[in-house]
Amino acid sequence: MRASFVQLISALGHFFTSRIDRLGLAARFAGALLVSLSIALGRLPLMFREVYFSGVRSLSIVAVSGLFVGMVLAVQGYEVLQRYGSAESLGVIVALSLVRELGPVVTALLFAGRASSAVTAEIGLMRATEQLAAMDMMAVDPMSRVVAPRFLAAIFSMPFLAAIFSTTGVIGAWIIGVKLIGIDDGAFWSQMQANVDVRIDVLNGLLKSIVFGTAVGLISVFEGYFAAPTAEGIATATTRTVVISSLSVLLLDLLLTVMMFRGLS
Amino acid sequence: MNRSRFDFAVGLFVAIGLLAMAFMALKVGNLAGFDSGTGYVIEARFDNIGGLKVRAPVKSAGVVVGRVESIGLDAETYEARVLLRVYPNYRFSKDTIASILTSGLLGEQYVGLESGGDPVYLAAGDRLGKTQSAMILEKLISQFLFSKAAETPAKAQ
């Protein structure tokens with residue numbers, strides 16, 4: 001009885017110490033990554049190669065998702081707005097939700113699932129097949145050659161992807177709202193332009209996506225770099241990347257939203 | 001895939017991304033809102049501003065001619081102090097009347113400027129002499145009820 005009680009307490013303790021341990025490892029890893037960034041920034045072609053695999057290849061899923069999200073927002077928004085006789089405000093509602101929240105957040109979630117998981121698996125497999133160790137032996141720093149370009153690519157791609165998501169979303173809402181439902185075209189755009197502020201809404205949305213890109217990029221390379229060098233280890237690391245990225249994106253979004261948009265009106 | 005193919009794909013990606021950002025800035029948002037630093041500021045005092053908010057439009061004859069810059073309370077007179085930033089290409093006479101109006105029945109509130117006949121124009125920092133406060137629904141209803149109550153006994157006789 002007493003022994004099991006002690007075990008329970010130590011299990012609880014282990015639960016927290018292991019996580020704090022991991023957090024410390026991640027912080028040290030981020031520090032080392034920051035140092036290697038200066039070298040990686042001098043070799044941008046490496047980053048652009050990763051931008052191709054992470055960003056460009058995510059273009060289609062982001063654009064199509066944006067289109068559908070915008071369409072759904074238009075259908076749902078119209079249902080509620082027409083009850084109050086203000087269907088023309090549809091453009092405002094759709095544009096603000098996309099530019100402020102859904103664009104950066106959903107893009108980051110899609111990116112975590114589509115690109116970051118692949119990065120984790122790739123670096124994890126490099127670790128398992130000792131490619132990273134081989135690079136080290138050849139005096140090639142794997143941090144600046146492998147890790148940093150993938151991290152930078154996530155930061156670089158995310159704002160563009162978020163902008164494309166929001167744009168296709170607005171176009172999707174326009175197709176549903178103006179072309180199919182028949183809201184006045186002029187009112188749709190003019191109300192949107194009158195109520196969406198470039199600095200407060202658009203720039204803050206892009207700033208959000210840069211923060212999300214940093215978080216998702218860091219998590220994906222960290223989980224890959226420290227993946228257990230087994231098939232199971234890589235599978236676990238990939239899962240962890242998607243789960244932790246998604247959760248931290250949502251948490252960061254709450255913090256950023258409170259900081260950016262509280263007390264505006 | 002060789003180097004130039006990557007370059008082409010990434011270049012295309014960046015171009016589409018920049019195009020999307022331009023779309024958001026120009027078509028979704030209004031980049032004209034960017035020049036909020038230009039123009040001149042005039043001051044108006046109201047007994048009650050109702051639901052007026054910072055960045056609400058300032059209109060004259062229905063045309064947006066500026067934005068509400070800031071709202072504060074004068075601690076001595078207990079009047080609302082509203083600073084209006086008017087775009088530099090519009091000028092208004094000294095005896096302009098500012099009133100707080102509502103667009104539509106439930107729409108947003110804005111400041112309406114009605115220019116007078118004074119040949120002297122308002123300059124930066126000037127204060128508007130005549131203002132008309134926001135209509136408060138509760139006050140309107142109570143006024144209506146009082147006037148109803150006042151005329152009912154006359155009818156009863």
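Which residues of chain B are linked in a network of salt bridges? In this predicted model, the network is made up of B:Glu43, B:Arg45, B:Asp74, B:Glu79, B:Arg81 and B:Arg127. Over all chains, the structure holds 16 salt bridges.

The side chain of A:Arg150 meets that of A:Glu50 in a salt bridge, with an N to O distance of 3.4 Å. This pair links distant parts of the chain, as A:Arg150 belongs to helix H6 (residues 142-181) and A:Glu50 to helix H2 (residues 44-54), 100 residues apart. A:Arg150 is buried, its relative accessible area being 7%, and A:Glu50 likewise counts as buried, at 5% relative accessibility.

A second salt bridge is formed between the side chains of A:Arg100 and A:Asp201, at 2.6 Å from N to O. Here helix H4 of chain A, which contains A:Arg100, is linked to helix H8 of chain A, which contains A:Asp201, across 101 residues. The two partners fall into separate accessibility classes: A:Arg100 is partly exposed, with a relative accessible area of 24%, whereas A:Asp201 counts as buried at 2%.

A:Asp253 and A:Lys208 meet through their side chains in a salt bridge of 2.9 Å, N to O. Because A:Asp253 lies in helix H9 (residues 231-261) and A:Lys208 in helix H8 of chain A, the pair ties together parts that are 45 residues apart in sequence. Both A:Asp253 and A:Lys208 are buried.

Helix H4 of chain A (residues 90-128) has a bend of about 50° at A:Leu98. Just after this helix, A:Glu130 adopts a positive phi of about 60°.

Since A:Phe29 lies in helix H1 (residues 2-41) and A:Tyr225 in helix H8 (residues 198-225) of chain A, the pair ties together parts that are 196 residues apart in sequence. A:Phe29 counts as buried, at 4% relative accessibility; A:Tyr225 also counts as buried, at 15%. Both rings belong to one aromatic cluster, together with A:Phe222 and A:Phe226.

Charged side chains also lie over aromatic rings. Between the chains, the charged end of B:Lys27 sits over the ring of A:Trp189, 4.6 Å from its centre. Within chain B, B:Arg91 lies over the face of B:Tyr121, at 4.1 Å from the ring centre. B:Ser115 is placed in the loop between strand S6 (109-114) and strand S7 (130-132) of chain B, and counts as partly exposed at 43% relative accessibility.

B:Leu140 is partly exposed, with a relative accessible area of 38%.

Definitions and conventions:
Residues numbered from 1 in each chain as written. Chains lettered and ligands numbered in written order. Predicted model: local features only at pLDDT ≥ 70, side-chain atom pairs only at ≥ 80, totals over all residues. Heavy atoms only, no water. Buried < 20%, exposed > 50% of the residue type's maximum accessible area, 1.4 Å probe, protein only. Helix = DSSP H or I, 4+ residues; strand = E, 2+ residues; numbered from the N terminus. Phe/Tyr/Trp six-rings, centres within 6.5 Å; stacked < 30°, edge-to-face > 60°. Lys NZ or Arg CZ within 6 Å of the ring centre and 35° of its normal. Bend = angle between axes of the 7 residues up to and from the residue. Salt bridge = Lys/Arg side-chain N within 4 Å of Asp/Glu carboxyl O.
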